[in-house]
Amino acid sequence: MTALRNHERDYDALAERLARRGQRADTVVQAVGRFAVAVPSWALGTGGTRFGRFPGPGEPRTLAEKLADVAVVHRLTGAAPRVSLHIPWDEPDDVPALRALAAELGLGFDAVNSNTFQDQPGQPLSYKLGSFSHPDAAVRRQALEHHRHVIEVGQVLGADAITVWLADGSNYPGQMSLRQSFDRVLDCLRDVYAALPAGWRLFTEHKPYEPAFYATVVQDWGSSLLLAQALGERAQCLVDLGHHLPNTNIELVVARLLGAGKLGGFHFNDSKYGDDDLTAGSIKPYGLFLIFHELVLAERERLAGFRPAYMIDQSHNIKDPIEDLLQTVDQLQLAYAKAQLVDHAALTEYQESGDVLLAERALKDAFETDARPLVAEARRRAGAALDPVLAFRASGYRARVAAQRSGGGYVPPQSL
Ligand code: LRH
Ligand code: MN
């Protein structure tokens, strides 16, 4: 029995079951077909930790090769049409040429990311003690110049947002003024905000710790929200799922930011302990579902200003980076499909009538529905793969690029 025949039988069986629940499989398939997520330019090579990195075969050596790999992820999932670039990690030599190459590959660019958490060779002033929170105004100016440059590059690429994650913070009590550092960051972000081209957004990304291990200036969603509210309507908060202390109710954070009209976007990943940057849905799939439940509620309510930028931010330390991204996109499509399967009318009724158990079950019934045939069908209709990871393995792409990228020479982007 072919994979397609099996899929058709699984899909028909599920559609019949959903119909008995008064739900239309086709409606969910269409919604999944509209879902898209951006791939980070920094996650196409093998990631590592301070203890080591185990590079795999056929690592991309150039931005062009990274785009070729993203094109494979998009080709097989139908849902990864954009790249989120990190500068200067992936500073393009020729920005217009990169935009043209991306367009050729059917790709565009999502939010660009600044980097004032490392010193670059030849950089006049160090960010060791911070960037926008640094006591030395010259360091703050240097960081501002960098952000202006990142925006310029992003504008040429056709991006429409900048994500600002600041490593700024302290390791010891007393090292940094907890309020003055925040005020300086806000002050500098006002200049970044003023430099935003028309139609652009600024995303502030919070993180509780690392590299700072006592206080991080933008430590939590509250700090990020204070900044976004002070800056203006085009400033919103980006939620990196790994940037929450253990047991944080992240779907509640998402609901609060949605309620404030300040949910700008996501860095999807998963974690067990810290900012582990593991595959989305690999550790807390129910948590991911509950986040998508809040997003589907906002979509259904046509919440004002609801235009979240969905992006991945992971470090692929032991899985093949492309396979990990394929699995990630699949997990996100699956969480979104399950969130579409919630019987919202029943849920509201049980919430309003105080039927705690049936209200919980309204979510569990959706989460415990095997929605994989709906996601596979959405991919089939998009001309993508029923099972992206198996299709990737069958394509021999990794072996092919491993052979071609082992030599020093430049190899034009490979198709699947
Ligand atoms: C910080 C972070 C941020 C990126 C970096 C690669 O931990 O999540 O979004 O700049 O990872
Ligand atoms: Mn992130």
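Donors, in what follows, are N, O and S atoms within 2.8 Å of the metal (3.2 Å for Na, K and Ca), and since water is not among the atoms, sites may look incomplete. With that in hand, the donor residues of the manganese ion (ligand 2) are spaced E-x34-D-x26-H-x45-D along the sequence.

A quick word on the ground rules. This is a predicted model, where local features need pLDDT of at least 70 and side-chain atom pairs count only at pLDDT 80 or more, while totals for chains, interfaces and linings use all residues. Residues are numbered from 1 along each chain as its sequence is written, chains are lettered from A and ligands numbered from 1 in the order in which they are written, and side-chain values use heavy atoms, with hydrogens and water left out.

**The metal site**

On the protein side, the manganese ion (ligand 2) is held by Glu 205 (OE), Asp 240 (OD), His 267 (ND1) and Asp 313 (OD), which lie 2.1 to 2.2 Å from it. Why is the arrangement octahedral? The six donor atoms around the manganese ion subtend angles of 72 to 169°. For six donors, octahedral needs opposite donors over 155 degrees apart and all others between 65 and 115.

Two of these residues come from distant parts of the chain: Asp 240 sits in strand 11 (residues 235-240) and Asp 313 in the loop between strand 13 (309-312) and helix 10 (321-340), 73 residues apart. Helices (H or I, at least four residues) and strands (E, at least two) are DSSP runs, numbered from the N terminus. Asp 240 has a relative accessible area of 0%, so it is buried, and Asp 313 is buried as well, at 11%. Buried here is under 20% relative accessible area, exposed is over 50%, and partly exposed is in between (1.4 Å probe, protein chains only).

**Ligand 1**

Around ligand 1 (a heavy atom within 4 Å of it) you'll find Trp 42, His 86, Trp 89, Phe 117, Trp 165, Glu 205, Lys 207, Asp 240, His 243, His 267, Asp 275 and Asp 313. The table gives some polar contacts, meaning pairs of N or O atoms within 3.5 Å; within protein, one must be able to donate a hydrogen and the other to accept it, and residues adjacent in sequence count only if both atoms are side-chain atoms.

| Side chain | Distance to an oxygen atom of ligand 1 |
|---|---|
| His 243 | 3.1 Å |
| Asp 275 | 3.1 Å |
| Asp 313 | 2.7 Å |

Taken alone, ligand 1 exposes 300 Å², and the protein buries 90% of that; these areas come from the Shrake-Rupley method with a 1.4 Å probe, and for residues only the protein chains shown count as cover.

**Aromatic rings**

Rings of Phe, Tyr and Trp (its six-membered ring) pair if their centres lie within 6.5 Å; planes under 30 degrees apart count as stacked, over 60 as edge-to-face and the rest as tilted. That rule gives 17 aromatic pairs. In one of them, Phe 268 and Tyr 310 have ring centres 5.8 Å apart and planes at 40°, so the pair is tilted. Phe 268 lies in strand 12 (residues 263-268) and Tyr 310 in strand 13, so the pair ties together parts 42 residues apart in sequence. Phe 268 is buried at 0% relative accessibility, and Tyr 310 is buried at 9%.

**Elsewhere**

Asn 113, in strand 6 (residues 112-113), is buried at 3%. Its side chain makes a polar contact with the side chain of Ser 84 (2.9 Å).

How values were computed: Tetrahedral: all angles 85-135°; square planar, octahedral: opposite > 155°, others 65-115°.
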